[in-house]
Amino acid sequence: MELSLATLRQRRGVKWNAYPSDVLPAWVADMDFEIAPAIKAALDEAIAHSDLGYAQAYSDSGLDEIFCARMQARYGWQINPRQVDFFSDVVQIIYLALLTLTEPGAGVVIQTPIYPPFLQSVKETGRRAVISPLVQGDSGYTIDFEHLAASIDAQTTLLLLCHPHNPTGRAFTRDELNGLAELVLKHDLIVVSDEIHADLALDSRRHIPFASLSAEIAARTVTLTSPSKPFNIAGLCLAAAVFGSDALHKQFLTLPAHVRGGRSALGIAAAHAAWTASDAWLEEVLRLLRANRATVVTFARQWPRIKHTPPQATYLAWLDCRGLGLAVEPYQFFLEHAKVALSEGSAFGDEGRGFVRLNFATSPSILQEILTRMDAALGTL
Ligand SMILES: Cc1ncc(COP(=O)(O)O)c(C=O)c1O
């Protein structure tokens with residue numbers, strides 16, 4: 001499953017091509033692994049038959065039923081195929097949801113630091129970000145419910161939730177989700193819950209879909225997910241949205257079909273294989289990610305001026321480098337002095353300044369090389 005440096009350097013994707021060849025990339029959320037055998041077989045078969053024409057309607061191919069069965073089996077979340085729709089990618093659905101489910105200028109709650117497209121989508125659709133920073137404590141980030149409640153005004157109509165949360169790696173507990181649900185009901189908010197990292201839970205706790213909390217909550221929630229993150233097939237562009245009510249679904253579909261975009265035939269074929277025949281591969285990936293997470297913890301312990309709480313989900317380590325007293329942003333420092341490309345913390349909002357995000361979904365040997373380079377750069381301070 002692990003790929004050598006030479007093979008990775010031959011890839012055409014953005015991760016391994018955005019920087020010169022002396023830089024090791026640990027930024028964008030792609031994994032440096034082989035894809036699951038069942039996905040490879042499905043793609044090979046489609047290519048062998050030159051089966052790359054317009055895709056069959058996903059309901060005819062049974063993808064909606066497969067997805068519902070998976071949500072039930074994995075999370076005990078009962079939904080029916082009528083509620084499910086497929087699009088190109090999760091970020092696209094976020095934009096469509098903001099455009100169709102909120103009015104221009106409406107307030108949208110976002111919990112920072114946050115995956116950058118959350119901030120961009122609100123800004124670019126002419127909505128207003130209602131920022132509720134997560135609070136950094138010794139054992140990780142938590143929700144400041146008082147601040148959140150105080151931030152919501154009469155024009156705030158939507159909560160854009162990231163659960164599990166990128167970049168902090170928090171998988172919110174049932175109590176935390178119930179706390180959010182209480183506010184959502186009190187203020188009559190719609191919820192768009194991006195749960196793309198759900199399958200990447202690294203601890204024993206099972207992911208809790210926000211919409212599974214209660215019927216009342218489900219009715220006002222649109223849940224987004226995709227096989228792209230856990231199965232490492234982002235380039236195939238296939239994402240799912242689960243609409244908690246017919247009214248929300250109908251409102252979402254008011255933009256013309258061609259604006260909403262199509263689904264790729266290969267994306268549908270790969271999603272079938274991912275959701276029906278790739279869980280053994282996923283378990284193996286999770287074992288490797290847990291071991292890599294521990295390696296990052298060992299690295300961070302050697303540098304007490306770097307604060308780090310291991311993620312409960314995702315393969316992303318959020319490193320607080322403010323204690324290093326660097327003259328430049330840590331992203332710049334590690335790029336120049338370690339030749340390691342991390343994600344720049346400030347892209348995740350003001351609360352990310354002085355942080356970097358490290359993607360540890362790579363082979364243990366490449367991760368070791370990344371951390372050795374970072375160690376050496378830190379040693380020069
Ligand atoms: C929270 C979150 N949402 C969405 C995406 C991207 O999903 P897509 O490629 O389906 O737009 C990512 C990618 O890293 C992510 O971390």
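**Close-up views of a predicted model**

Ser50 is exposed because 7 other C-beta atoms lie within 10 Å (exposed means 12 or fewer other C-beta atoms within 10 Å of the residue's own, buried 20 or more, and partly exposed in between, with C-beta atoms placed from the backbone). This is a predicted model, in which local features need pLDDT of at least 70, side-chain atom pairs count only at pLDDT 80 or more, and totals for chains, interfaces and linings use all residues. Residues are numbered from 1 along each chain as its sequence is written.

View A. Ser50 sits in the loop between helix H2 (37–48) and helix H3 (58–61); helices (H or I, at least four residues) and strands (E, at least two) are DSSP runs numbered from the N terminus. Its phi is near 45°, a positive value in a residue other than glycine. Thr314, in the loop between helix H13 (279–302) and strand S11 (316–320), is not a glycine either and has a positive phi of about 80°. Thr314 counts as buried, because it has 28 C-beta neighbours inside 10 Å.

View B. Ile370 counts as buried, with 26 C-beta neighbours inside 10 Å. Leaving aside residues up to four places away in sequence, Ile370 touches Leu24, Ala26 and Val340 (contact: C-beta atoms, placed from the backbone, within 7 Å). Ala291 is 79 residues from Ile370 in sequence, and their C-alpha atoms are 15 Å apart.

**View C. Helix H5 (residues 90–101) against helix H6 (residues 116–124).** The two axes come within 10 Å and cross at roughly 30°; axes are lines fitted to C-alpha atoms, for helices over the stretch in contact, and angles run from 0 to 180 degrees between N-to-C directions. H5 is therefore roughly parallel to H6 (angles under 35 degrees). From H5, Val91, Ile94, Tyr95 and Leu98 meet Pro117, Ser121 and Val122 of H6. This contact of H5 with H6 has six nonpolar, one polar and no charged residues (Ala, Val, Leu, Ile, Met, Phe, Trp, Tyr, Cys and Pro count as nonpolar, Asp, Glu, Lys and Arg as charged, the others, Gly among them, as polar).

View D. Pro113 belongs to the loop between strand S3 (107–110) and H6.

Technical notes. Contact = placed C-beta atoms within 7 Å. Parallel < 35°, antiparallel > 145°, perpendicular 65-115°, else oblique.
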